[in-house]
Amino acid sequence: MIDTLRNVTGSTLPGTPEENDRDLALDFDKGVLIILVIVGHLIQYILYRDEGYWDSPFFKWIYMFHMPLFMAISGYLSCRALLQKSLMQAVGDRAMQLLVPMLFWCALLETAKLAVLPRAPDASGNILQLLNDVAGTYWFIWAALVCFLLVKILSIFNRWSSWILFLSVILVALAPLTFSIFPLIKYTYPFFCLGFSFAQSRDWWTSITRAYKPLLIMSASIAALVCFLAWRKDTYVYNNLALVKDMQSAKDVLLMFFGSAAASAIMSELFQNCWRVGRSNRVVRFIAVEIGQSTLVLYLIQGMAFRLMDSIQYAEPSDLTSKLAVAGILGAAIVLVALMVRRTVRDIPYLSQLILGTSPPRPMSSGAACG
């Protein structure tokens, strides 16, 4: 993560930065991560229809780092907005970037469900299902918004901000909240703060770690491998709810956070090396320029697709070859639809804000993301 998160400007959440003054290496990271989000869901919904995916080594590895690293990148890219904008402006801009397109795609999801699924006989059942869809389908959007809001409020205490931020990480991670998506917020908040903290003192952290980089990489690799081997069903935040209630749950939660941190660091370094070696390759640049700059709409569309699969009955492929073929077709279709939507509306005022969460591209002056 040290080498990847540097010299980034003009960006906020993955999928919503401006078109100019970008770090394509970071876009490449985001592109690979959103692909892994889709792959993880394909493993869950196509390759496995029972609980077997918890034990899949591919599923396990992806879920060790993909959302924590995404949230760390979000925290890093949010630094300028958090430090340079007023509370009202920062929160308002972030809500426009995230909530407006999320509500648009939620409306499409509910329309599609009404068209193909029978409605619950009571209104309360419909309302509860709607709330579950809005919160559960796009939990990362809500988590990113809550993390942003918490850090923005804490940044008011400028003199003690580092210590207060650290204390907030401990308090949030240990908060006994298990309702709805609160466990997911507890899980990702420390990584958002880590990315934000690194953005504030990027040069200092880089100078400190440069001398010990080989040792740090080796140590993180060993730690990630050990955590991978120890990772089990109850290590996932979806099952342990980031709740410490006894010694075993404390071990599971600690393994979850520590393993995710180690895996995120290693995969970030791997992505950086892949970009450094292959940035002239067409496929690598496609991942960075097209997919990496479309992560928000990709996340929204894939969320709608898999939520619909959660709600309807469909025939399962009979053998592994068929499952892989169906998974490949569905994954490619999600990416294709997202890229077509982005290319169609990105230059149209109001539609780009409504559907993509961004305004049409405009010339920008360059500047530092965060001092």
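Me: Which residue forms a salt bridge with Arg-342, and how far apart are the closest N and O atoms?
Reply: Arg-342 pairs with Glu-290, and the closest N and O atoms are 3.9 Å apart. Arg-342 lies in helix α15 (residues 320–345) and Glu-290 in helix α13 (residues 282–291), so the pair ties together parts that are 52 residues apart in sequence. A salt bridge here is a side-chain nitrogen of Lys or Arg within 4 Å of a carboxyl oxygen of Asp or Glu. Helices (H or I, at least four residues) and strands (E, at least two) are DSSP runs, numbered from the N terminus.

Me: OK. Back to that pair: is Arg-342 buried or exposed? And Glu-290, buried or exposed?
Reply: Arg-342 is buried, at a relative accessible area of 4%. Glu-290 is buried as well, at 14%. Buried means under 20% relative accessible area, exposed over 50%, and partly exposed in between (1.4 Å probe, protein chains only).

Me: What does Glu-290 do with Arg-343?
Reply: Glu-290 forms a salt bridge with Arg-343 too, with the closest N and O atoms 3.0 Å apart.

Me: Zooming out, how many helices and strands are in the chain?
Reply: There are 16 helices and zero strands. The chain has 371 residues, and 51% of them count as buried. Of the contacts (heavy atoms within 4.5 Å) with a separation of 6 or more, 79% come from residues 24 or more positions apart.

Me: What about the largest nonpolar core: which members touch the most others?
Reply: Trp-105, Tyr-138, Tyr-189, Phe-271 and Tyr-299 do, in a core of 103 residues. A nonpolar core is a set of buried Ala, Val, Leu, Ile, Met, Phe, Trp, Tyr and Cys residues joined through side-chain atoms within 4.5 Å.

Me: What is Tyr-189 in contact with, leaving aside neighbours within four places in sequence?
Reply: The partners of Tyr-189 are Cys-147, Leu-150, Val-151, Leu-154, Leu-165, Ser-168, Val-169 and Val-172.

Me: Surface now. Which residues form a nonpolar patch?
Reply: Tyr-212, Leu-215, Leu-216, Met-218, Ile-222 and Val-226 form one, with about 610 Å² of accessible area together. Patches are made of residues with over 30% relative accessible area and no salt bridge; like charges are joined within 9 Å, nonpolar side chains (Val, Leu, Ile, Met, Phe, Trp, Tyr) within 5 Å. Areas come from the Shrake-Rupley method with a 1.4 Å probe, and for residues, only the protein chains shown count as cover. Ile-222 sits in helix α10 (residues 213–230) and is partly exposed at 49%.

Me: Backbone: what is phi of Ser-180, and of Ala-242?
Reply: Phi of Ser-180 is near 55°, a positive value in a residue other than glycine. Ser-180 lies in the loop between α7 (161–174) and α8 (182–200) and is partly exposed at 45%. Phi of Ala-242 is near 50°, again positive in a residue other than glycine. Ala-242 is in the loop between α11 (237–240) and α12 (247–278) and is buried at 2%.

Me: Last one: what is the mean pLDDT of the chain?
Reply: The mean is 87, and 88% of the residues reach 70 or more. Residues 1–20 have pLDDT below 50, with 84 contacts in the model beyond near neighbours in sequence. Residues 363–369 are also below 50, with 12 such contacts. Where pLDDT is low, the predicted coordinates should not be read in detail.

How values were computed. Residues are numbered from 1 along each chain as its sequence is written. This is a predicted model: local features need pLDDT of at least 70, side-chain atom pairs count only at pLDDT 80 or more; totals for chains, interfaces and linings use all residues. Side-chain values use heavy atoms; hydrogens and water are left out. pLDDT is the predictor's confidence in each residue, from 0 to 100.
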